[in-house]
Amino acid sequence: MTEHNVSLRNLNTFGLDVTAKVLLRIGTLDELQEVISDNFRKDEPVLILGGGSNMLFTRNVDGLVIKNELSGIAITHEDESTVTICAGAGVSWHELVVHCVNQGWGGIENLSLIPGNVGAAPMQNIGAYGVELKDVFHSLEAIHLKTGELRHFTSSECTFGYRESIFKLGLKGVYIITAVSLKLRKQPQLDISYGAIIQELESMGVHSPTVKDVSQAVIRIRRSKLPDPAKLGNAGSFFKNPVIENAQFEGLKKSYPEMPAYPSDKKVKLAAGWLIEQCGWKGKVVGKSGSHRNQALVLVNYGGATGNEILQLSEDIMRSVFDTFGVQLEREVNVY
Ligand code: FAD
Ligand code: NAP
């Protein structure tokens, strides 16, 4: 379906009211191939949109927006201990988690309730509660936006990193991901060591948890801590947690012995939310936007803020964290 000069307000979780010159909702691969070859002739810029839960729009889109709605979940391989499933890029991520949890397949229960679609999950190697997409990733299919070539990517070809992949770096805007395959366990190995999962399971009265219990615990924690985008515009964590050299951390620890820190590939990961909070931003309202009162890392639109106002707020936060700690924050959200 083609729509012209359409508002994207309901298609991004910040609720930013920008306009797309053309919006196309694509439901099949054939349709997609046709649109790509047609658009190649016109040479219009293309923006791919999933659930819009990791986007900050600062301007109208003067080109084509493809809303990826490729559906379907299928088993592609199965043996005694594992099952490989392939999901269309337009499937809601949480719907996929619920599907797998209901079968008792383990691996993505800690990633429950992450907004957005399957196709965007590899973009930043989504992660939460000690698990990342790469831990269960098998492969993906993507189509080159200029040539229409269908390509298969293995995990190593995606070069997953901390909230990173090749699709956010060297291949940014080059491919549209059409399907993602995951390899899950039939005899799950639960990871409940992170944060409040154990306490939440205890408060649920669960002593021998199943994948479903862990998923429920994660959902309960997330609902209690994070603002619901349907009620308060946001895109989750606005910044990545910075990973710094050990030497810099040793210096910081002398001035801030209570600073939370976690080992990360021979370096040290700091909690961006803590750094922002120490700079006095937590709960602060600036015009129509602000830093959320429960989680400083989440910037929110209190209603009617523009993308540029939120971008400016993020720059002010980055400057004050740098001036205080000498640590450079990096945005996780995709700015358009
Ligand atoms: P969009 O926002 O639509 O797009 C994001 C980027 O991917 C854009 O650059 C877009 O062009 C590109 N893109 C989208 N689909 C495709 C495709 N099929 N092919 C190629 N490019 C594509 N993230 C986490 O990692 N962990 C969390 O725990 C987490 N919690 C969140 C909580 C809340 C309340 C919110 C609002 C967000 C949270 N996020 C989290 C961020 C976000 O949900 C994820 O990054 C999610 O994967 C984005 O999916 P999306 O479909 O909404 O992508
Ligand atoms: P939290 O539990 O309050 O912890 C704060 C930060 O410390 C997190 O960002 C986390 O890093 C880090 N951390 C805590 N315990 C850790 C451990 N045992 N090992 C390594 N790192 C640890 O965080 P929260 O805000 O409530 O979020 C809970 C989880 O959901 C986190 O994994 C977070 O990434 C994820 N989440 C992500 C988004 C997003 O938009 N990206 C939004 C909401 C929640 P990590 O972030 O690296 O895990």
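What you're looking at is a predicted model, where local features need pLDDT of at least 70 and side-chain atom pairs count only at pLDDT 80 or more, while totals for chains, interfaces and linings use all residues. Residues are numbered from 1 along each chain as its sequence is written, chains are lettered from A and ligands numbered from 1 in the order in which they are written, and side-chain values use heavy atoms, with hydrogens and water left out.

Now for the aromatic rings. Rings of Phe, Tyr and Trp (its six-membered ring) make a pair if their centres lie within 6.5 Å; planes under 30 degrees apart are stacked, over 60 edge-to-face, and the rest tilted. By that rule there are 10 aromatic pairs here. One of them joins Tyr129 and Tyr194, edge-to-face, with 5.4 Å from centre to centre and 70 degrees between the planes. This pair ties together distant parts of the chain, 65 residues apart: Tyr129 comes from the loop between strand 8 (127-128) and strand 9 (131-132), and Tyr194 from the loop between strand 12 (175-185) and helix 4 (197-203). Helices (H or I, at least four residues) and strands (E, at least two) are DSSP runs, numbered from the N terminus. Tyr129 has a relative accessible area of 14%, so it is buried, whereas Tyr194, at 40%, is partly exposed.

Phe238 and Phe239 make an aromatic pair too: their ring centres are 5.3 Å apart and their planes sit at 65 degrees, so this pair is edge-to-face.

A charge sits over a ring if NZ of Lys or CZ of Arg is within 6 Å of the ring centre and within 35 degrees of the ring normal. Arg59 has its charged end over the ring of Tyr336, 4.1 Å from the centre, and Lys284 does likewise over the ring of Trp281, at 4.8 Å.

On to ligand 1. Counting residues with a heavy atom within 4 Å, there are 30 around ligand 1, and the closest are Ile48, Gly50, Gly51, Ser53 and Arg222. Look next for polar contacts, which are pairs of N or O atoms within 3.5 Å; within protein, one must be able to donate a hydrogen and the other to accept it, and residues adjacent in sequence count only if both atoms are side-chain atoms. Gly51 places a backbone N or O atom 2.7 Å from an oxygen atom of ligand 1. Asn68 has a polar side-chain atom 3.2 Å from a nitrogen atom of the ligand, and a polar backbone atom of Ile177 lies 2.8 Å from a nitrogen atom of ligand 1. The protein covers 93% of the 980 Å² of accessible area that ligand 1 has on its own, with areas taken from the Shrake-Rupley method and a 1.4 Å probe; for residues, only the protein chains shown count as cover. Strand 3 (46-49), strand 8, strand 12 and strand 13 (233-237) each give two or more residues to this shell. By class, the shell holds 14 nonpolar, 15 polar and one charged residues. Here Ala, Val, Leu, Ile, Met, Phe, Trp, Tyr, Cys and Pro count as nonpolar, Asp, Glu, Lys and Arg as charged, and the others, Gly among them, as polar.

Ligand 2 brings us back to Tyr194. This tyrosine is among the residues that come nearest to ligand 2, along with Tyr162, Lys225, Lys269 and Gln295, out of 16 around it. Oxygen atoms of ligand 2 lie 2.7 Å from a side-chain N or O atom of Arg163, 2.6 Å from one of Lys225 and 2.6 Å from one of Lys269. The protein covers 76% of the 790 Å² of accessible area that ligand 2 has on its own. Helix 5 (211-225) and strand 13 each supply two or more residues to the shell, which divides into seven nonpolar, four polar and five charged.

Finally, a look at the backbone. Most residues other than glycine have a negative phi. Arg163, though, has a positive phi near 55 degrees; it lies in the loop between helix 3 (155-158) and strand 12 and is buried at 14% relative accessibility. Lys266 also has a positive phi, about 65 degrees. Lys266 is found in the loop between strand 15 (261-264) and strand 16 (267-270), and it is exposed, at 79%.

Definitions and conventions
Buried < 20%, exposed > 50% of the residue type's maximum accessible area, 1.4 Å probe, protein only.
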